[in-house]
Amino acid sequence: MKTELSKKKKTKFLKAKCSGCGNEQIIFSAAATKIKCLVCNQLLAETTAGKVRPIAKVVKELW
Ligand SMILES: [Zn+2]
């Protein structure tokens, strides 16, 4: 598998904790769509102009 991330765009992965069910989920910072919790369907992050704005609490920043 090739990984061609972080060449031009500064992308990263965020680990967010759902406030509804406590599920921890990885969020891609350059995601194009809203991200919902896979467990309870609560909105974890929304996107504004190509940027992800986390709604859920970010517990960790990953690469
Ligand atoms: Zn949840």
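Reader: Which residues does lysine 36 touch, not counting residues up to four places away in sequence?

Author: This is a predicted model, in which local features need pLDDT of at least 70, side-chain atom pairs count only at pLDDT 80 or more, and totals for chains, interfaces and linings use all residues. Residues are numbered from 1 along each chain as its sequence is written, and side-chain values use heavy atoms, with hydrogens and water left out. With contact taken as heavy atoms within 4.5 Å, the partners of lysine 36 beyond that sequence range are Gln25, Asn41, Gln42, Leu43 and Leu44.

Reader: How is lysine 36 classed by its relative accessibility?

Author: Lysine 36 belongs to strand β3, strands (E, at least two residues) and helices (H or I, at least four) being DSSP runs numbered from the N terminus. Buried means under 20% relative accessible area, exposed over 50%, and partly exposed in between (1.4 Å probe, protein chains only). Because its relative accessibility is 44%, lysine 36 counts as partly exposed.

Reader: What distance separates the C-alpha atoms of lysine 36 and cysteine 18?

Author: Along the chain, lysine 36 and cysteine 18 are 18 residues apart.

Reader: Why does asparagine 41 count as exposed?

Author: Asparagine 41, one of the residues touched by lysine 36, sits in the loop between β3 (35–36) and β4 (43–48). Asparagine 41 counts as exposed because its relative accessibility is 53%.

Reader: What is the phi of asparagine 41?

Author: Most residues other than glycine have a negative phi. Asparagine 41, a residue other than glycine, has a positive value, near 75 degrees.
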